[in-house]
Amino acid sequence: MNRRQFIQTSSAASVLGFPAILRSASPNSMLQVASIGVARMGGNTMRSVASHAKVKIVALCDVDARHIAQAAKDFPEASQHKDWRELLSKHADKFDAVTVGTPDHMHASIATIALRAKKHVYLQKPMAPTPHECRVLAQEAVKAGVVTQLGNQGRSSIESRMMVELLRTKAIGKIKEVIMWENKKLNWWPKNMELRPQGDAIPEGLDWDHWLGVRSPRPYLNDTYHPQTWRAWFDFGCGELGDMGCHHFDATFDGLKLGAPKRVRQTTEGSSGALWADKRRVEFEFAGNELIAGDTLKLTWLDGGIDPDMSVVKMPSVLSKFPASGGFWIGEHGAIFKPYGVRPFVLPEADFPAEKYPRGIKPQDHYHDWVNAILAGKKSCGDFSHGGPLTETVVVGTIADRFPSQWLEWDRAGLKFSNLEAANALVKREYRDGWKIEGLG
């Protein structure tokens, strides 16, 4: 089968609703991947995917020529592009899949067009900044029939999968409450927060208009947005909850079979200007099920240096220092303490010896899982049917930052807040002229 026949067969399968089965190509063929956003986390994603023996990076796309030049040192044969729209419209026959590692505000537009071009997509978390964009991406993935993966790579870790199994098997009984905290240093917080009308000189090689993309024009300012401090700004990122929520929430969302939250509330001071609040306490309320002790489950998120109530959260004796990031699950017959990125500890320790912990969980590479799923014609472990609802839950929580102290009642079926019309203006955000995409923004 030559490459043109392979692409035609693959596309036909996608139209019928089946994944494009790449294993039908020659055993010696490579998965051709284009990477959009090739610096920092986008660069890490690109290189991690490229470490698979069956992957070849064939295109590099970034709005900053400096990023392209750095990536080209590792992938000198890859074509180079500045405009992802041109890449996907004029060169789509040159690749089978894309990785997307841009600032959050551009995730949905790039991934949607890639899905409509029937490309397999690896998308960094959060999937998108708004619930509407998350919903559209999940729907487009189904229509495309391709293999998708959300970049919450901790989902593939042994310790996270162990946590899911502990929750599913009711190791501490049904769960009554969950507390999560993320107090790492905000190394992405901008040094400059003065939005001066007179901009600074745009660095050579940076296309500032393309970086802004779907958002409204504004001056470039040093130490403000690009290259790594965009996450703190309301127009470009989702704050600390949006940054880390998809990682922290994943095992609970999966292990307790949670759906969308019934309501959310931020009890700390919120934000109203161009920046997100730099710390928050957010309460989520979920409907109960067979794994939850009551009619509802309360999940509390803390960040920005706010520690959990230590009269409630108990640390295992083997740990000498309280972790900056972690979670605590309170059950009917005990609790689970899990530092972020570390194995869970069931409490009381005397009631749960080592032999009771889940065994036989094999190591799994999140990036290779996506590639292997493409080659096998099956779902990845974090496809958009999981990543969409997960991210939607997280970004519903971020909206509470704009309406502190108020319960926001979430109507998932209607994709809206049922009690506060002002909050609905943030469920879907319009794209600027020249960047609008049908059905998206």
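1. Let me start with helix α5 (residues 107–116) and helix α6 (residues 131–144), whose axes lie 9 Å apart at an angle of about 15 degrees. Please keep in mind throughout that this is a predicted model. With angles under 35 degrees counted as roughly parallel, α5 and α6 are therefore roughly parallel to each other. Their crossing is left-handed.

2. Which residues bring α5 and α6 together? From α5 come A108, A111, T112, L115 and R116, and they meet E133, V136, L137, E140, A141 and A144 of α6. By class, this contact of α5 with α6 comprises seven nonpolar residues, one polar and three charged.

3. Next, the sheet. Nine strands make up an open sheet with mixed pairing, and their order is β13-β12-β11-β7-β10-β9-β8-β14-β15. At the edges stand β13 (345–347) and β15 (416–417); each has a single partner strand, so one side of each is left without a neighbour in the sheet.

4. Within that order, I looked at the pairing of β7 with β10. Strand β7 (residues 175–182) and strand β10 (residues 296–303) run parallel and are joined by six bridges.

5. Helix α11 (residues 384–399) lies across β8 (263–266), β9, β14 (408–411) and β15, and runs at about 130 degrees to β9.

6. How do α9 and α11 meet each other? Their axes come within 9 Å and cross at roughly 125 degrees, and α9 and α11 are therefore oblique to each other. The crossing is right-handed. On the α9 side the contact uses L241, G242, G245, C246, F249, D250, F253 and D254, while α11 supplies H386, P389, L390, T391, T393, V394, G397 and T398. Sorted by class, the contact of α9 with α11 has seven nonpolar, seven polar and two charged residues.

7. Helix α9 also packs with helix α7 (residues 158–168), at an angle of about 35 degrees and with the axes 8 Å apart. Here too the crossing, that of α7 past α9, is right-handed. S160, M163, V164, L167 and R168 of α7 make the contact with D250, A251, T252, D254 and G255 of α9. Four of the residues in the contact of α7 with α9 are nonpolar, three are polar and three are charged. When you inspect α9, note that D250 and D254 are listed in its contact with α11 and again in its contact with α7.

8. Is H333 buried or exposed? H333 is exposed, with a relative accessible area of 59%, and it sits in the loop between β11 and β12 (334–339). Setting aside neighbours within four places in sequence, H333 is in contact with I172, G173 and P348. Between H333 and P316 there are 17 residues in sequence and 16 Å in space, taken C-alpha to C-alpha.

Notes
Residues numbered from 1 in each chain as written. Predicted model: local features only at pLDDT ≥ 70, side-chain atom pairs only at ≥ 80, totals over all residues. Heavy atoms only, no water. Pairing = 2+ DSSP bridges. Helix = DSSP H or I, 4+ residues; strand = E, 2+ residues; numbered from the N terminus. Contact = heavy atoms within 4.5 Å. Axes fitted to C-alpha atoms, helices over the stretch in contact; angles between N-to-C directions. Parallel < 35°, antiparallel > 145°, perpendicular 65-115°, else oblique. Left-handed = near helix turned anticlockwise from the far one by under 90°. Nonpolar A, V, L, I, M, F, W, Y, C, P; charged D, E, K, R; others polar. Buried < 20%, exposed > 50% of the residue type's maximum accessible area, 1.4 Å probe, protein only.
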